[in-house]
Amino acid sequence: MTDRVPYREAIALQPAALKACFDAVSTRLATLDLEPITKGPTVLVGIGASLYAAVVAAAQMRAQGLRAFALPGTDLYDPSIDLGNAYIAFSASGRSEEPARAMELRPNAHSYGIATADGTPISRVVKQMIATESGADSGPNTTSYLGSLLTAALLADKAGRSSAVNWAEISDRATTVLKMTSVQADKAAKLLAGKKSIDCVGTGTACGTAGYAALLIREAARIAAQDWDTLNFLHGPMEPNDRDSGVLLFGNGREVKLAQDLAGFGIPSVLVTSEAGIADTDNLVVIHVAVFSKGIGDAILQAIPAQLLIATLSEEAGLPVCEFRYRQTDTKRDI
């Protein structure tokens with residue numbers, strides 16, 4: 001089982017975790033048959049943070065010419081549902097019940113597992129296993145989430161069209177993002193502190209980032225949070241927002257104008273973007289993350305300032321350690 005460390009400590013470990021993941025997964029993919037994924041369609045399956053990793057990964061795979069989509073494991077509890085030529089089960093711990101059961105119900109499928117380590121329950125119900133080897137993790141998930149995304153990026157490059165990205169550089173870029181965004185992340189946390197709810201917004205791969213951020217806010221800071229696709233958010237869901245709620249947006253397109261509009265309406269907003277030339281205003285904090293690669297590369301790096309601001313939110317709420325109050329006994333399988 002992966003070692004657990006405090007949340008903020010795990011955030012600092014991510015450059016090293018990404019390097020270890022790159023090395024391990026590159027070696028593993030050199031011998032892995034990905035033809036079923038190349039042929040497609042591929043169903044990416046997860047639950048919790050791993051579901052949002054699957055959402056990011058599926059969007060990236062589609063951008064690289066692969067037919068792929070993400071589903072929660074519970075959508076596949078009916079074994080008669082046959083949606084894919086291949087299935088990829090995401091589970092950071094390798095112990096999540098729902099993706100494991102979905103795979104268990106499809107013993108003859110071309111199936112792959114992505115988890116922090118091999119030898120976990122998920123490895124016993126898939127045909128091929130990819131261990132991210134991202135090492136120590138926290139509750140809520142930090143290193144394991146980014147490790148899942150990097151694994152998916154490397155997999156998409158091998159199974160689909162090449163992204164031409166030098167993924168060996170991602171670790172150093174993560175170090176830079178940690179240093180360059182910490183001040184703005186703290187400023188963003190102060191803007192969102194005390195809000196009754198926080199909406200998280202993005203599209204494409206950033207839609208998965210928004211889902212991950214909303215889950216972190218709920219788990220670590222115990223603030224009601226919800227994720228939205230950007231354009232869907234415009235069609236009514238934004239109506240309850242006011243000065244007592246907040247919005248966290250990820251993206252470079254419609255998200256920019258939306259963030260500025262929200263701030264103009266008096267709604268505290270935070271924009272994580274690679275778009276240059278956008279400045280803080282009243283009710284708006286902008287966190288700039290320089291472009292690494294459109295899609296999953298930027299999703300990896302843009303998750304880091306979100307983690308940082310949520311760490312500050314949780315600490316200011318007197319919750320420096322994430323301990324679930326209502327943990328259920330049927331969500332994890334024993335090793």
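A: The dialogue below takes these features in turn. This is a predicted model, in which local features need pLDDT of at least 70 and side-chain atom pairs count only at pLDDT 80 or more, while totals for chains, interfaces and linings use all residues. Residues are numbered from 1 along each chain as its sequence is written, and side-chain values use heavy atoms, with hydrogens and water left out.

Q: At what angle do H2 and H7 pack, and how far apart are their axes?

A: Two packed helices are described by the angle between their axes and the distance between the axes. Here helix H2 (residues 14–29) packs with helix H7 (residues 170–192) at about 170 degrees, the axes lying 8 Å apart, and that makes H2 roughly antiparallel to H7. Axes are lines fitted to C-alpha atoms, for helices over the stretch in contact, and angles run from 0 to 180 degrees between N-to-C directions; angles under 35 degrees count as roughly parallel, over 145 as roughly antiparallel, 65 to 115 as roughly perpendicular and the rest as oblique. The helices (H or I, at least four residues) and strands (E, at least two) are DSSP runs numbered from the N terminus.

Q: Which residues of H2 and H7 meet?

A: With contact meaning heavy atoms within 4.5 Å, Pro15, Ala16, Leu18 and Lys19 of H2 meet Ile170, Ser171, Ala174, Thr175 and Leu178 of H7. By class, this contact of H2 with H7 has 6 nonpolar, 2 polar and 1 charged residues, where Ala, Val, Leu, Ile, Met, Phe, Trp, Tyr, Cys and Pro count as nonpolar, Asp, Glu, Lys and Arg as charged, and the others, Gly among them, as polar.

Q: At what angle do H6 and H11 pack?

A: H6 and H11 pack at about 175 degrees with their axes 9 Å apart, and that makes H6 roughly antiparallel to H11. From H6, Tyr145, Leu146, Leu149, Leu150, Ala152 and Ala153 meet Ile296, Ala299, Ile300, Ala303, Ile304 and Gln307 of H11, a contact that divides into 11 nonpolar, 1 polar and no charged residues.

Q: In what order do the 5 strands of the open sheet lie, and is the pairing parallel or antiparallel?

A: Strands of a sheet pair through backbone hydrogen bonds, either parallel or antiparallel. In this model the order is E7-E6-E8-E9-E10 with parallel pairing, two strands being paired if DSSP finds at least two bridges between them. Strand E7 (224–229) and strand E10 (284–288) are the edge strands, each pairing on one side only, and neighbouring strands are turned by 15 degrees against each other on average, direction ignored. Within the sheet, strand E6 (residues 197–202) and strand E8 (residues 246–250) pair in the parallel sense over 4 bridges, and valine 201 stands opposite leucine 249 in E8. H7 packs on the sheet, touching E6, E8, strand E9 (269–273) and E10, and the direction of H7 makes about 155 degrees with that of E10. Helix H11 (residues 296–316) also packs on the sheet, touching E6, E8, E9 and E10, and makes about 150 degrees with the direction of E9.

Q: How many cavities of 30 Å³ or more does a search of the whole structure find?

A: On a 1 Å grid over the protein atoms alone, a cavity is a set of points where a 1.4 Å probe fits but cannot get out, and a pocket is an open set with protein on both sides within 12 Å along at least five of seven lines; lining residues have an atom within 4 Å of a point. Grid points are joined across faces, edges and corners, and a volume is the space filled by probe spheres set on the points. The search finds 1 cavity of 30 Å³ or more, with a volume of about 40 Å³, and its lining consists of Ala49, Ser50, Ala53, Ala92, Asn141, Ser144, Tyr145 and Ser148.

Q: What is the volume of the largest pocket?

A: The largest pocket holds about 1,300 Å³ of space, and of its 44 lining residues, the closest to its centre are Asn141, Glu219, Phe324, Arg327 and Lys332.

Q: Where does the backbone contain proline 140, and is the peptide bond from glycine 139 cis or trans?

A: Most residues other than glycine have a negative phi, and most peptide bonds are trans. The bond from glycine 139 to proline 140 is cis, with omega near 0 degrees, and proline 140 is found in the loop between strand E5 (128–131) and H6. Alanine 164 has a positive phi of about 60 degrees although it is not a glycine, and alanine 164 sits in the loop between H6 and H7.
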